[in-house]
Amino acid sequence: MTGANRKGLERVAFDLHVHTPASHDWRNGQVTPQQLVDQALALGLNGIAITDHATAAWVEPVKNAAAGTGLVVFPGVELNELAGNEGIHLIALFDTHVTSSDIDRFLTTIGVLRGTGQRIERGSATSGPLEVLGQIEKFGAIAVLA
């Protein structure tokens, strides 16, 4: 449906689970942040959430590419294997002003991001699901099952 719906309300469309080449399971070849923004706009989206696995590396580049386009970019991150093995896949969605550094602080808090400097490793959360949900709330984010 485009334009207005039956009640005269404007349609708003978001994709709240967008991966980039920063995710280990990316299979769409080379792409730039601008191409991601252009594709979202071509699909008629009003907003997207960048939700790569265990990283927010592409949040700022996509936000910068979307500047002035009207496309809202929500920072986010997908957390895998909560509760062990395949476990629970959870997306944490943050307010639009949140940066990749803020998300890295969150990831450090729940044990996804470990080490410093050249020895930074990203993995599965070492915190349990309830602890992760508590930290998501503390960081002012919302949790969505992936």
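Colleague: In this predicted model, what kind of crossing does α1 make as it passes α2?

Modeller: The crossing of α1 past α2 is right-handed, and a crossing is given that name if the near helix is turned clockwise from the far one by less than a right angle. The contact is made by P33, Q34, L36 and V37 on the side of α1, and by P61, V62, A65 and A66 on the side of α2. Sorted by type, the residues of this contact are 7 nonpolar, 1 polar and no charged.

Colleague: How do you know that the buried residues of α2 lie on the same side of the helix?

Modeller: In α2, which runs over residues 59–66, the buried residues are V59, V62, A65 and A66. They cover an arc of only 135 degrees around the axis, and therefore they are on the same side of α2. An α-helix has 3.6 residues a turn, so residues three or four places apart point the same way. The cover over the buried residues of α2 includes α1, β2 and β3.

Colleague: Which residues of α4 are buried, and which are exposed on the other side?

Modeller: V132, Q135 and I136 are the buried residues of α4, the helix of residues 129–138. Because their arc around the axis is only 105 degrees, they too are on the same side of their helix. L130, E137 and K138 are exposed on the other side of α4, and exposed here stands for over 50% relative accessible area. The buried residues of α4 pack against β3, β4, α3 and β7.

Colleague: What makes L16 partly exposed, rather than buried or exposed?

Modeller: L16, which has its place in strand β1, has a relative accessible area of 38%. Buried would require under 20% and exposed over 50%, so with 38% L16 is called partly exposed. Leaving aside neighbours within four places in sequence, L16 is in contact with A49, T51, F74, I91 and L93. L16 and F74 are 58 residues apart in sequence, and their C-alpha atoms are 8.0 Å apart in space.

Terms used:
Residues numbered from 1 in each chain as written. Predicted model: local features only at pLDDT ≥ 70, side-chain atom pairs only at ≥ 80, totals over all residues. Heavy atoms only, no water. Buried < 20%, exposed > 50% of the residue type's maximum accessible area, 1.4 Å probe, protein only. Helix = DSSP H or I, 4+ residues; strand = E, 2+ residues; numbered from the N terminus. Arc of directions from axis to C-beta. Contact = heavy atoms within 4.5 Å. Nonpolar A, V, L, I, M, F, W, Y, C, P; charged D, E, K, R; others polar.
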